[in-house]
Amino acid sequence: MTKAEIITEISSKTGIEKVDVQEAVEAFFKVVKTSMINGENVYVRGFGSFVVKKRAKKTARNISKNTAIIIPEHFVPSFKPAKVFVEKVKTGNKQKALA
């Protein structure tokens with residue numbers, strides 16, 4: 001499902017204009033991105049957590065040149081789904097597979 005499809009679905013279910021839904025969805029993503037860039041985690045109860053994970057410094061190999069390179073410590077965005085959400089996805093997919 002794409003962002004455009006999500007916007008269309010929300011608009012049809014709520015009766016809110018697509019333009020307004022698009023602004024709200026874009027604002028949500030912007031808040032999440034800005035928070036994570038600033039090192040803050042975002043928690044959405046019942047859905048999951050957008051967390052910033054720290055990757056340690058490590059040595060890697062450049063295979064084509066056969067040299068070692070150092071990758072400095074850095075931060076990466078990550079998503080951890082809520083347990084309730086994971087369970088619903090597990091049971092939902094089983095029902096579709098049986099049909």
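**The largest pocket**

Mentor: Helix H1 (3-14) and helix H2 (18-37) each give at least two residues to the lining of the largest pocket. Helices are DSSP runs of H or I, at least four residues, and strands are runs of E, at least two, both numbered from the N terminus. H2 brings the largest share, three residues. This is a predicted model: local features need pLDDT of at least 70, side-chain atom pairs count only at 80 or more, and totals for chains, interfaces and linings use all residues. Residues are numbered from 1 along each chain as its sequence is written, and side-chain values use heavy atoms, without hydrogens or water.

The lining consists of Ile6, Ile10, Val25, Phe28, Phe29, Phe47 and Phe50. By class, seven are nonpolar, with no polar and no charged residues. About 200 Å³ of space lies in the largest pocket. (A pocket is an open set of points on a 1 Å grid, probe 1.4 Å, with protein on both sides within 12 Å along at least five of seven lines; lining residues have an atom within 4 Å of a point.)

Now the setting. The protein has three helices and five strands. From the N terminus on, the order is α-α-β-β-β-β-β-α. The radius of gyration is 20 Å, well over the 13 Å that the globule rule gives for 99 residues, so the protein is more spread out than a compact globule. (That radius is taken over C-alpha atoms; the rule is 2.2 Å times the number of residues to the power 0.38.) The C-alpha trace spans about 60 × 40 × 30 Å along its principal axes.

Terms used:
Points joined across faces, edges and corners; volume = space filled by probe spheres on them. Nonpolar A, V, L, I, M, F, W, Y, C, P; charged D, E, K, R; others polar.
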